[in-house]
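Visitor: Please take one local part of this model and go through it closely, with the cut-offs behind each term. I would like to start from a single side-chain contact and see what surrounds it in the description.

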Amino acid sequence: MKGDRVEIVVDAGDTTRTYEVVASRAGRRVETAVRRGVMEVSEVTRSGSVVRTARFMATRVLALVEQPVPREDSSEQ
């Protein structure tokens with residue numbers, strides 16, 4: 001959903017750096033995966049096409065914070 005966001009805090013030697021991947025348009029979502037020691041955070045369309053990907057060495061990632069957009073629950077009406 002538009003507004004889904006993932007923040008990644010990475011050890012950059014003597015300091016930390018924070019990166020952010022945001023679902024920028026309606027119908028897009030943010031997915032995370034760890035493969036072979038690499039953390040991948042991707043913005044994906046409804047059809048599953050990857051728009052952009054951020055890759056980080058898993059050993060350097062200090063925190064990964066997923067912040068989904070609050071969804072309205074239609075079953076409560």
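Guide: Start with E40, which forms a salt bridge with R35, the closest N and O atoms being 2.6 Å apart. The term salt bridge stands for a side-chain nitrogen of Lys or Arg within 4 Å of a carboxyl oxygen of Asp or Glu. E40 counts as buried because its relative accessibility is 16%; buried means under 20% relative accessible area, exposed over 50%, and partly exposed in between, with a 1.4 Å probe and protein chains only.

This is a predicted model, in which local features need pLDDT of at least 70, side-chain atom pairs count only at pLDDT 80 or more, and totals for chains, interfaces and linings use all residues. Residues are numbered from 1 along each chain as its sequence is written, and side-chain values use heavy atoms, with hydrogens and water left out.

Next comes the loop between strand 3 (29-35) and strand 4 (38-44), where R36 is placed. Strands here are DSSP runs of E with at least two residues, and helices are runs of H or I with at least four, numbered from the N terminus. R36 is not a glycine, yet its phi is positive, at about 50°. Most residues other than glycine have a negative phi. R36 is also exposed, because its relative accessible area is 87%.

Strand 4 and strand 5 run antiparallel and are joined by seven bridges, where pairing requires at least two bridges found by DSSP. In strand 5, R52 stands opposite E43.

Now back to charged side chains. The structure holds eight salt bridges. One of these pairs is D11 with R60, with the closest N and O atoms 3.2 Å apart. This pair links distant parts of the chain, since D11 is in strand 1 (residues 5-11) and R60 is in the loop between strand 5 and strand 6 (61-67), 49 residues apart. D11 is partly exposed, with a relative accessible area of 26%, and R60 is partly exposed at 38%. In another salt bridge, E31 meets R29 at 2.9 Å, N to O. E31 is partly exposed, with a relative accessible area of 36%, and R29 counts as partly exposed at 29% relative accessibility.

The structure holds one aromatic pair. The ring centres of Y19 and F56 are 5.3 Å apart and the planes stand at 40°, so the pair is tilted. Rings of Phe, Tyr and Trp (its six-membered ring) pair if their centres lie within 6.5 Å, and planes under 30 degrees apart count as stacked, over 60 as edge-to-face and the rest as tilted. Y19 lies in strand 2 (residues 16-22) and F56 in strand 5, so the pair ties together parts that are 37 residues apart in sequence. Y19 counts as partly exposed at 35% relative accessibility, whereas F56 is buried, with a relative accessible area of 12%.
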